[in-house]
Amino acid sequence: MRSDDNIASILKEGGLKEGGLKEGGEKQGRPPAVLQVVPSLVSGGVERGTIDLAGALVAAGWTAYVASAGGPMERELARTGAQHITLPLASKNPLVIRRNRAALVDVIRRCRIDLVHARSRAPAWSAWLAARAAGRRFVTTFHNAYPIDMPLKHRYNAVMARGERVIAISHFVAEHVAETYGVGADRLRTIPRGVDLARFDPRRVRGERVAELAVSWRVPDGFAVIMLPGRLTRWKGALDLIEAIARLGRRDLCCLLVGAEQRPGFRRELEATIERLGLVGMFRIIEDCRDMPAAYVLADVVVSASTDPEGFGRVIVEAQAMGRPVIATEHGGARETIVPGATGWLVPPRDPAALAAAIGEALALDRDAQMALARRARAQVAAGYTRELMCARTIDVYEELLFPESSVTAAGPERVAVVA
């Protein structure tokens, strides 16, 4: 469906007219409407957070829209009660960005959007220009500390600092935003990502689901399972994990690389490295997993070996919510979500020897130690990294702008204490 047909259909079904909230936030007898703008709805942490927030907005009585190029997660968005508008927002072409700006102005006016929330750089340019043209509130989210190695890259990234409120997904990202773009405390808000503890609950994963994955992925009985979830791309650290397994020298391990290939050829490089190090038969490359809770239960150790800092690292928090021993590289958001020795291990990036040692320690835990670690890890996630907290804090930010006379700015979340 073309974007204008899509918009017209939504307007017809909802009986919507043009217009936004009055100055000062008066509701005109209707709930506020928020438009989130993302490149696509294929997969990933940005998309997951977008859908989670859309559902929370609908549950709170707001009206939620998402504009993107679309993808498989559209169906999940529809189940939340939010509306999707299809536009080519994944494009970085300046001409397409300009056309998207005009299309978004039309969306904003016709759907009576009150606040536009941009979550990625290319669509943020269109969204910012459209929000400014239509006189609507504008919020951005930095999902990582974007590289600024070239002047043009710095200018391209800077649109994310133009929000009336700028959300950072970790203290690591917030420090980068403040130092690099000069965003002050009056506009900057730190809101960690959150996971759905109802979905990521080991007590709700039945044994049949785990057994089905084990059979499908050819996991041998009695073998310890090491899992690295994440896109098959070089910076996710799969090559370091392969070398770490070689250094361990154990043959009773089954290693799962769970994620889709991003660039053609990297999977072949992984397979060649596995063969060169004599590990054929010990690794499985799984390009699609639709039951990650069961996958975490199947794993004895979960690894996040990113060579470059991640803004947050959703895998780390999901695995802790499932009570699994987690090993991550010591940079970026991982420093905030893992407490070494209490909820997991942190190792230097690009250090297969240190990674091998940590895997060995995790596999050596007895049952009592595993259960104690699981309790601490899940308690930490419940205290500070839930979907509900993330969504509530984001809606608080929206209310700061839309209803300034009645909103109270919440203090940014501090580091979560470990719960014994």
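Reply: Six strands make up an open sheet, in the order β10-β9-β8-β11-β12-β13, and their pairing is parallel. The model is predicted, so to speak of local features a pLDDT of at least 70 is needed and side-chain atom pairs count only at pLDDT 80 or more, while totals for chains, interfaces and linings use all residues. Residues are numbered from 1 along each chain as its sequence is written, and side-chain values use heavy atoms, with hydrogens and water left out.

Strands (E, at least two residues) and helices (H or I, at least four) are DSSP runs numbered from the N terminus. Two strands count as paired if DSSP finds at least two bridges between them. In general, strands of a sheet pair through backbone hydrogen bonds, either parallel or antiparallel.

At the edges of this sheet are β10 (283–286) and β13 (345–347), each of which pairs on one side only. On average, neighbouring strands are turned by 20 degrees against each other, direction ignored. Strand β12 (residues 326–329) runs parallel to β13 and is joined to it by three bridges. Opposite Thr 329 stands Val 347 in β13.

Next come the helices. Helix α12 (residues 314–321) packs on the sheet and touches β8, β11 and β12; contact means heavy atoms within 4.5 Å. The direction of α12 makes about 165 degrees with that of β12. Such angles run from 0 to 180 degrees between N-to-C directions, and axes are lines fitted to C-alpha atoms, for helices over the stretch in contact. Helix α9 (residues 238–248) lies across β8 (224–229), β9 (253–258), β10 and β11 (301–304), and runs at about 180 degrees to β9.

Helix α9 also meets helix α10 (residues 266–276): their axes come within 10 Å and cross at roughly 10 degrees. That makes α9 roughly parallel to α10, a term for angles under 35 degrees. On the α9 side the contact is made by Ala 238, Leu 239 and Ile 242, and on the α10 side by Phe 266, Glu 269, Leu 270, Thr 273 and Ile 274.

As for the whole protein, its secondary structure comes to 16 helices and 13 strands. Of its 420 residues, 54% count as buried, meaning under 20% relative accessible area with a 1.4 Å probe, protein chains only. Among contacts between residues at least 6 apart in sequence, 72% join residues at least 24 apart. Along its principal axes, the C-alpha trace spans about 65 × 45 × 45 Å.

Technical notes. Buried means under 20% relative accessible area, exposed over 50%, partly exposed in between (1.4 Å probe, protein chains only). Angles under 35 degrees count as roughly parallel, over 145 as roughly antiparallel, 65 to 115 as roughly perpendicular and the rest as oblique.
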